[in-house]
Amino acid sequence: FASVVYNKPLNRAQDSCAQRCGEQLGTCSCQATCQSLKTCCPDYTEFCLQISPYSGSLMGGKVFLIENTTFDASSVITCRFKQEIQTRGYLAQDGRARCISPLLYETGFIPFDVSTDGGVTFPYSGTWLSVHHSKVSDGEKCTLVNQTKWQYYGTPNTDGNLTLTWTQQALTETHINIEVWGYQETGDSYSENWSAEWKYLYTLAKKIPNNGKFSFIPVPAEGNYSTWDFGILRITPSSYPDGQSNVPAVWSSDHALAWHLGQDFRNDPNAWATAKCVEWEKKEEKLPDFMEEIIDCPCTLAQARADTGRFHTDYGCDIEKESVCTYHPGAVHCVRAIQASPRYAAGQQCCYDRTGAQILTHDSTGGSTPDRGHDWGSPPFLKPPRIPGFSHWLYDVISFYYCCLWSDNCHVYMKKRSSSDCRTYRPPRAASAFGDPHFLTFDGLNFTFKGHGEYTLVESDLTSLRVQGRTQQVHLPNGTGAQVTGLSAVAMQENNSDVIEVRYLNDYLQVLLNQKAVNFSEQSWLDLKGLFLHSTADQNITVMFSSGSGVELRGSGGFLTLTVLLPEKFMNHTQGLFGVMNGNMEDDYTFKNKTTMSVHASPQQVFEFGANWAVENGSSLFTYDTESLLNNFFYGEKHNASFLPVFVPYEDPADPLVKDMVSLCDSDPFCRFDVLTTRNLQVGNSTRRSHQNHKQLVENLKPVISCGWLGHPTNGTKNGTNYLLGSTIAFTCDEGYELTGAKERTCQVTGTWSGETPSC
């Protein structure tokens with residue numbers, strides 16, 4: 001991975017970046033690192049394209065500018081995505097080319113290349129980021145004003161005008177067409193011939209002025225079109241033929257097409273939807289049971305928000321944004337399992353009430369519902385059931401309209417999409433590093449290792465997971481120049497995933513994806529190879545690997561703070577500075593050669609243990625893209641043996657800083673250590689906060705015992721919906737019935753309910 005330049009005498013003429021972007025050539029480089037190393041081939045900026053915007057919806061139709069190359073006026077521009085999908089490009093007056101993004105059935109970075117000779121050769125190359133349609137900003141879509149009205153149109157008390165608005169500037173022409181498109185999946189479920197298609201249906205409005213607004217009274221669609229109940233609107237310049245693919249376009253959000261359904265729907269929506277709901281139920285009966293292979297939900301809201309490697313906030317129900325949980329009344333927060341299930345690409349969703357307990361569909365329609373199709377899709381995408389967003393709509397959302405929203409058959413839906421409880425959920429283990437580096441292992445050992453170099457924090461033979469940390473000397477504003485080191489960069493990879501490196505540069509986190517800086521200005525969530533990457537507004541970076549392991553990074557007080565979360569399957573499969581994860585801290589000081597050292601070792605011995613885990617060049621995941629990184633870490637030693645730290649800082653009672661330190665740190669040893677070595681209370685405070693956060697995380701991830709759901713007896717009721725250890729459920733019978741069995745049952749340590757099952 002180390003990009004280093006070897007000077008081989010080679011014919012200059014053949015060292016061109018045409019079709020070679022990302023490669024290291026004989027005499028020069030076409031890799032992203034070449035600019036800071038000043039080793040680029042002369043034509044690097046001509047052939048390796050920078051584009052703006054760099055992302056757009058997978059529905060396509062977005063025009064993007066090629067920023068760094070100007071073309072000859074006679075050029076005929078063709079853009080080609082994934083070597084197969086060609087779209088028209090065009091040259092503007094300024095000599096700069098524009099491409100149009102295509103309709104894709106996948107998300108993530110898509111390679112594209114550009115031809116100037118009408119498609120004979122494609123020497124220019126770049127990447128386009130295809131984004132889940134719901135994750136594209138609202139400004140890029142046209143807006144269905146009062147969207148609920150569109151999706152309930154024709155049901156009781158919903159009629160009149162519908163209005164569509166859009167940003168006029170999004171399309172340059174004076175007149176536009178508005179088209180209706182429908183989505184379908186054909187072929188046999190879970191077979192090779194199962195395929196997905198967006199299809200142009202008809203044009204709703206032709207050659208209308210591009211003034212940003214259109215109102216109409218919908219009429220039932222003609223003929224067969226009225227059978228399409230899930231779709232989308234597309235606005236295109238009216239100079240293009242109806243339904244032509246991959247032309248400049250503004251799409252609406254994908255939605256239930258109630259407004260165009262046939263007269264039979266309008267005459268009796270409840271009967272129409274009931275028939276559809278029953279038909280859906282019959283179809284479901286024939287499909288494989290995906291419930292067995294999806295991950296169980298965390299038992300509590302605290303667990304769900306702490307297990308960031310496997311669960312992520314559901315955008316529709318987010319406690320941080322105080323969003324209204326429309327589909328889950330009574331919930332304050334929902335999360336979705338990040339990874340789709342292995343075989344059927346199904347999704348899990350978990351919702352929680354304000355007490356932090358899980359809400360189950362058996363008790364309330366606000367309960368969490370698992371999904372046959374994961375909303376975010378699942379690699380390798382392209383075919384059902386893995387199409388981002390749309391497969392999910394077809395199996396799990398439009399059916400919710402049939403059964404729950406357009407008719408009164410929600411019990412049918414909930415029977416097929418009932419919540420999983422948390423009896424088999426096992427929380428992950430957490431390890432952290434922060435400050436003047438302090439380490440807290442998966443098993444709870446803590447130590448300080450002030451090495452200067454690059455070290456293996458954790459590696460696992462289970463999934464070839466590797467997380468490596470670089471520590472560097474830190475020069476603090478008060479210029480004490482003490483022997484202080486801290487985490488300055490962390491690099492990671494699992495199996496053959498993309499490589500992510502996070503660096504702390506002057507209070508800013510830089511993220512490298514395969515050696516190239518990532519820009520989060522347009523998208524904060526990236527679907528990458530073998531992992532997902534998320535950046536919050538306040539620069540917290542989370543990497544979620546496909547094994548369910550998670551890595552969280554944030555900058556604090558001049559250093560990186562790192563947390564690694566590993567699921568239970570990694571037990572007995574880890575080594576490195578974070579120790580052997582097995583529930584026993586006694587063997588956490590295990591060296592590369594498998595010998596161990598006592599947990600009561602001296603700071604000097606711990607220093608030797610740390611040095612033993614220095615990374616070797618051949619296995620380094622770091623990018624060396626400056627002279628100083630090359631000299632200090634690539635050509636130099638991986639562990640700088642001449643750097644000798646202060647092992648135990650001296651606490652002088654006469655030192656005025658000590659009084660402030662005691663009131664700030666109280667008994668936190670790491671906080672005290674860092675105040676003394678850095679002579680800086682802010683650094684101490686950051687360390688104290690990181691340490692508290694880790695302790696809180698470990699607390700939130702403690703296993704919780706659940707006894708599973710309990711129903712009410714026939715002809716009776718129950719009181720209570722919490723099924724965790726210590727909870728009591730009380731039962732009563734309806735008038736005229738007598739209770740036999742337990743009046744109350746309590747969840748016991750064994751994970752079973754006390755007492756006999758009651759009946760009335």
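Does Ser-407 count as buried or exposed, and at what relative accessibility?

Author: Ser-407 counts as buried, because its relative accessibility is 6%; buried means under 20% relative accessible area, exposed over 50% and partly exposed in between, with a 1.4 Å probe and protein chains only. Quick caveat: this is a predicted model, where local features need pLDDT of at least 70 and side-chain atom pairs count only at pLDDT 80 or more, while totals for chains, interfaces and linings use all residues. Residues are numbered from 1 along each chain as its sequence is written, and side-chain values use heavy atoms, leaving out hydrogens and water.

So where is it? Ser-407 sits in the loop that links helix 7 (390-405) with helix 8 (410-416); helices here are DSSP runs of H or I with at least four residues, numbered from the N terminus. A polar atom of the Ser-407 side chain lies 2.7 Å from the backbone oxygen of Tyr-402. For the backbone oxygen of Cys-403, the distance to a polar atom of that side chain is 3.4 Å.

As for neighbours, leave aside residues up to four places away in sequence, and Ser-407 touches Asn-270, Ala-273, Thr-274, Tyr-401 and Tyr-402. Contact here means heavy atoms within 4.5 Å.

Zooming out, the domain assignment includes domain 3 (269-416) and domain 1 (49-131), with bounds from an automatic or database assignment. The C-alpha centres of these two, domain 1 and domain 3, are 36 Å apart, and six residues of domain 1 are in contact with five of domain 3.

Technical notes: Helices (H or I, at least four residues) and strands (E, at least two) are DSSP runs, numbered from the N terminus. A polar contact is a pair of N or O atoms within 3.5 Å; within protein, one must be able to donate a hydrogen and the other to accept it, and residues adjacent in sequence count only if both atoms are side-chain atoms.
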